[in-house]
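Please look over the sequence and the model below.

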Number of protein chains: 2
Amino acid sequence: MIPHPNLADILAAAGRIAPYAYRTPVLTCAALDARLGARIFLKCENFQKVGAFKFRGAANAVFSLSNDAAARGVATHSSGNHAQALALAARLRGIPAFIVMPDNAPAVKKAAVAGYGGRITFCESTLKAREATLERVVQETGAEIVHPYNDDRVIAGQGTAALELLEDVPGLDAMLVPVGGGGLLSGTAIAATSLRPGIRIIAAEPEGADDAFRSFQAGRIIPSTAPRTIADGLLTSLGDRTFPVIRERVERIVTVSETAIIAAMKFVWERAKLIIEPSSAVPVAALWEKKIDLGGLRVGIILSGGNVDLDRLPWTA
Amino acid sequence: MIPHPNLADILAAAGRIAPYAYRTPVLTCAALDARLGARIFLKCENFQKVGAFKFRGAANAVFSLSNDAAARGVATHSSGNHAQALALAARLRGIPAFIVMPDNAPAVKKAAVAGYGGRITFCESTLKAREATLERVVQETGAEIVHPYNDDRVIAGQGTAALELLEDVPGLDAMLVPVGGGGLLSGTAIAATSLRPGIRIIAAEPEGADDAFRSFQAGRIIPSTAPRTIADGLLTSLGDRTFPVIRERVERIVTVSETAIIAAMKFVWERAKLIIEPSSAVPVAALWEKKIDLGGLRVGIILSGGNVDLDRLPWTA
């Protein structure tokens, strides 16, 4: 078995991406503390490049490549934050990024990827078509595939957010992290439990996309089927590089309702004055609807991103 | 003539309010820099207590009072951020705050003031009724009036935001500040030009409420009449304590269109991921629509507040 990324990999990633990624601030909000009954430290990855933590993993992967490999470019299939992140990281290294996107992806996402210089290949929106198209692109270009989360370089990159949070906030008792494919969660768990043994790592997931919860209970990966949630960053299934880390280092996965996700998101907008996307509100929602009791503890929450369509807000729909 | 507040007053205010006010972060945003053509440093008073810089001035006034004066409480007429700020500052000192509000003020504002423990007296919505009601309240209680801006303690308090900004960001060339009654602008101008002679202080005002612009041109206070702007924090007229400071220390007042205010506000939400109220977008709008050229300079912008009704956004109306 290939060993999973460790603290040294995450520290190396931190050094590698430091010239490119923002060191995002950690903010607090008294109203949020009062509402959630804990001392909350918000790691603001919504301020990260491309508006999401995804830039960390993508940048680590891109800047890990040898010059020869890099010259052939990187590739992925994604219509979300990872596609933008990979496109920007590639542009910063001066190499091509080949992005396979379904032709029905929102125009704003196509424009964002193109805006960062990504070379888009459109395909049908099935997973099969995406994978086949990606394979073809890679055969034609020799580009290196960078998976959105099931990639050790990406996992190590995502772990750098927790590294900074732990440096900035002493004495954290727990971290609350959203889980989709598990890249952020596994990277965070490795960083946090290595640097601070005994820290509690708790993941939060939408009830309508609870495959990680069910996988955790079952002890094997149960793929996501027909997930339904407003937290569109958390639709994916766990991977074989993320799940073992999660089983080993995560205390618990809790699920939250759509109502709580929207309410928590709106509260963070109103009181913390931060634009966060629904996926970021998922860990907040875990405390919001008391799915876990962290009363009085010092809790780090990684706000995963802030990319929302301001013309279509969930509470005005 | 009573001398205007000076740097020593602002430094004293900073020490006085330090236990109560947040030291708000200064954030940057590459997309904003690119759009505005300058290096922008955002002083995030939207993160301040009660969601606005107003807490600084109110807290300085409240904590400047002798114990005897304080025991009788403080009073003001306001339906905006100042009312909430004064109520919270008073509660932190353990004294009453008597707030005169028009009976047609939005329910959410009444609730906010009451939520901070303010004792509300309702009156008709005319300025005459407000002033008469405030006078009566003061006669009955002996409370000290704290004007929203035409008060040297308030001006000194508002100047503390600029103090922090200058401490955190070396080498600022200019500051861009919204102007309503001029409390923030005069405090900022005193702090900045004292600490950094030669720094350019530029004020921005909505075209539909351009009394400060016209006053600045005329050399005398021209009261605001029937102002119309979405920037509802900037409807007030200059006062005799703020105007002389502004004349002396402000380089220029520029006016901006409603379209630019809304566009700049939305851009800050989308790209900087910060919830700001329309008044905060006014200085951003000055660069947005090129009302002033600060090309390539290092510019501090005080984001005055973040109190907006998330159910009624200007771009979805």
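A salt bridge is a side-chain nitrogen of Lys or Arg within 4 Å of a carboxyl oxygen of Asp or Glu. By this rule, the count between domain 1 of chain A and domain 2 of chain A is 4 salt bridges. The model is a predicted one. One salt bridge of chain A joins the side chains of A:D232 and A:K109, with N to O at 4.0 Å.

The two domains come from a domain assignment, which gives domain 1 of chain A as 7-53 + 152-303 and domain 2 as 55-145. Their C-alpha centres lie 24 Å apart. To the contact, domain 1 of chain A brings 24 residues and domain 2 of chain A brings 18 residues.

How much area do domain 1 of chain A and domain 2 of chain A bury between them? The figure is about 1700 Å², with 57% of it on carbon and sulfur atoms. On the side of domain 1 of chain A, the residues that lose the most area to domain 2 are A:Y20, A:V50 and A:R153, which together account for 45% of what that side buries.

Polar contacts also cross this interface: the rule finds 13 residue pairs between domain 1 of chain A and domain 2 of chain A, both residues at pLDDT 80 or more. On the domain 1 side, helices α1 (7-17) and α8 (152-168) of chain A each supply at least two of the residues that touch domain 2. Helix α8(A) gives the most, with 8 residues. By class, that side of domain 1 of chain A has 11 nonpolar, 5 polar and 8 charged residues.

Helix α8 of chain A also takes part in a salt bridge with a loop. The side chains of A:D168 and A:R23 meet at 2.8 Å, N to O. A:D168 lies in helix α8 of chain A and A:R23 in the loop between α1 and β1 (26-27) of chain A, so this pair ties together parts that are 145 residues apart in sequence. Over all chains, the count of salt bridges comes to 33.

The next topic is the pair of chains. Two copies of a chain are related by a rotation about an axis and a shift along it. Here chain A can be laid on chain B by a turn of 180° and a shift of 0.0 Å along the axis, with an RMSD of 0.0 Å. That is the relation of a two-fold axis. Which residue of chain A comes closest to the rotation axis? That residue is A:L274, whose C-alpha is at 2.6 Å. The same surface serves both copies, since 96% of the contact residues of chain A recur in chain B.

The contact between the chains takes 24 residues from chain A and 23 residues from chain B. Chain A and chain B bury about 1800 Å² between them, and 59% of it is on carbon and sulfur atoms. In chain A, the residues that lose the most area to chain B are A:K273, A:I275 and A:L310, together 35% of what that side buries.

Between chain A and chain B the count is 2 salt bridges. A:K266 forms a salt bridge with B:D311, and their closest N and O atoms are 2.9 Å apart. The count of residue pairs in polar contact between chain A and chain B is 12, both residues being at pLDDT 80 or more. Helix α12 (residues 258-272) of chain A gives the most to the side of chain A that touches chain B, with 5 residues. The residues of that side of chain A divide into 14 nonpolar, 5 polar and 5 charged.

Notes
Residues are numbered from 1 along each chain as its sequence is written. Chains are lettered from A and ligands numbered from 1 in the order in which they are written. This is a predicted model: local features need pLDDT of at least 70, side-chain atom pairs count only at pLDDT 80 or more; totals for chains, interfaces and linings use all residues. Side-chain values use heavy atoms; hydrogens and water are left out. Domain bounds come from an automatic or database domain assignment. Contact means heavy atoms within 4.5 Å. Buried area is the accessible area (1.4 Å probe) that two parts lose on being put together, summed over both. A polar contact is a pair of N or O atoms within 3.5 Å; within protein, one must be able to donate a hydrogen and the other to accept it, and residues adjacent in sequence count only if both atoms are side-chain atoms. Helices (H or I, at least four residues) and strands (E, at least two) are DSSP runs, numbered from the N terminus. Ala, Val, Leu, Ile, Met, Phe, Trp, Tyr, Cys and Pro count as nonpolar, Asp, Glu, Lys and Arg as charged, and the others, Gly among them, as polar. Copies are superposed by least squares on the C-alpha atoms of residues with pLDDT of at least 70 in both.
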